[in-house]
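Take a moment with the molecule below. We will walk through it side chain by side chain.

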Amino acid sequence: MQLLYSFVVRLVRGLLTFIPLSGKTKQFVEGRKHIWNDIKKIPNNKSVIWMHCASLGEYEQGLPVLKSLQAEDPDSFYLVTFFSPSGYHVKKAHQVADLTTYLPWDNRSDIRRFINHLQPAKVLFIKYEFWPNLLRELHKQQVPTYLIAGLFQSSQVFFKPWGGWFRNLLRGFTHIFVQDEESQQLLNKIGITQNTVSGDTRFDRVQQQKEDLSFMKTFVGDRKCIVAGSTWSQDIDVLKEAIDHTPKGWCWLIAPHEINKQQLLNLMGQLPSSAQRYTTAEKHNLPEVPVLVLDTVGLLSSCYQYGHIAYVGGAMGGSGLHNILEPAAAGLPVLVGKNYHQFPEAVDLIKKGGVISISTKTDATKYLNSLMQNPSERGEKGTVNLSYITSKAGATETIIKLLSANA
């Protein structure tokens, strides 16, 4: 199995060398050409602590742990690697670690070369990162390796009768921090007992101080704002009627999940002609703009603090519900689409009454109108959401205690 996997990795890498590439795939391939020059910047006299994330969402999840380690051990060198260009190209992802680069291809020669150069003191993987050659080499070199915020389900290959090779990957972790007891029970059943239920570090992350955004202060002004975050075309389809009939004194900030030229053109075509894009709007005109499209990455999480109602996209179609914890932590009532059942926090908060699920344009107009007209209802639902976030905090402290004990 190991040989077959390594052969496939090399085959894919070879194919991508010869075929024309564009967009994220091109960034994925081209970015990895700079890895070896990047890691030359790592000083030989410092201990290296390495955090690897698939993309931006996992980076945000691991960030509270990374910052706590930095505060505890400021003399070490902190490296962050990404698998996806979506995380690597966000500027703020380069502002915390000493170096941010890509993860090499998961073939044995590149991985061995990478680890031999780094000689890491410890490695943190966030949530779902299980690269076989990388994990095997770290285990072989006896590098302390941890999984942070792991989340396991019985449908995963680790828990299937034929999943022995994959289960061996989990045995290579020094310790696994999982989000819930169900994950722990699943691991224990297959003999992976080096685990702790720590909770989800996202609850710590969303409570950390947000960036002060002067453009949002100007845009919202004396109005009230609906922040529609991480939206797809299916989300705009159900929101369009409500957007077109927004009452005076309210405005919309819309942050599309995918930002490229064609999709932005399509989005602007669905919105009122007075809508403007953040990157081209004139700041002095912002108080008069009814709909502002946030056509840049990395600011959405800080925008919710200026909102009064939130809609979070992804669950109206099949792409998956995006982060509802950020608006919940801002004390906002939250609306989501109909396909939320695979997201525990959405299920919890819908039951508690802080989040509303909608399916149609009629639902969107009905519930948004109710929330806009009733400040007490907004306040009640926002309080439910904020209390939920506060009650779930503390995962980072649990993780840091054990990491420190094993140092």
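Predicted model: local features only at pLDDT ≥ 70, side-chain atom pairs only at ≥ 80, totals over all residues.

Residues are numbered from 1 along each chain as its sequence is written, and side-chain values use heavy atoms, with hydrogens and water left out.

Start with the rings. The structure holds 14 aromatic pairs. Rings of Phe, Tyr and Trp (its six-membered ring) pair if their centres lie within 6.5 Å; planes under 30 degrees apart count as stacked, over 60 as edge-to-face and the rest as tilted. Trp50 and Phe114 make an edge-to-face pair, with 5.2 Å from centre to centre and 65 degrees between the planes. This pair links distant parts of the chain. Trp50 is in strand 1 (residues 48–53), Phe114 is in helix 6 (residues 108–118), and they are 64 residues apart. Helices (H or I, at least four residues) and strands (E, at least two) are DSSP runs, numbered from the N terminus. Both Trp50 and Phe114 are buried. Buried means under 20% relative accessible area, exposed means over 50%, and partly exposed lies in between (1.4 Å probe, protein chains only).

Why is the pair of Phe158 and Phe159 edge-to-face? The ring centres of Phe158 and Phe159 are 6.1 Å apart and their planes stand at 75 degrees, so the pair is edge-to-face. Phe158 and Phe159 are both buried. They also belong to one aromatic cluster, together with Phe125, Phe130, Phe152 and Phe173.

The charged end of Arg113 sits over the ring of Trp36, 3.9 Å from its centre. Likewise, the charged end of Arg223 sits over the ring of Phe219, 5.0 Å from its centre. The test is that NZ of Lys or CZ of Arg is within 6 Å of the ring centre and within 35 degrees of the ring normal.

Now for charges that meet. How many salt bridges does the structure hold? The structure holds nine. A salt bridge is a side-chain nitrogen of Lys or Arg within 4 Å of a carboxyl oxygen of Asp or Glu. Asp200 forms one with Arg202, and their closest N and O atoms are 2.7 Å apart. Glu345 also forms one with Arg202, here at 3.3 Å between the closest N and O atoms. Glu345 is in helix 16 (residues 344–352) and Arg202 in helix 10 (residues 202–205), 143 residues apart.

Next, look at Lys381 in helix 18 (residues 375–391). Lys381 is buried yet has no salt bridge. Its nearest side chain of opposite charge, Glu377, is 4.5 Å away. (Lys and Arg count as positive and Asp and Glu as negative; His and the chain ends are not counted.) A polar atom of the Lys381 side chain lies 2.8 Å from the backbone oxygen of Gly353.

End at helix 2 (residues 23–31), where Phe28, Val29 and Gly31 are buried. What covers the buried residues of helix 2? The cover includes helix 1 (2–18), helix 3 (35–38), helix 5 (85–88) and strand 3 (99–102). Here, contact means heavy atoms within 4.5 Å.

Conventions
Polar contact = N/O pair within 3.5 Å; in protein donor to acceptor, adjacent residues only side chain to side chain.
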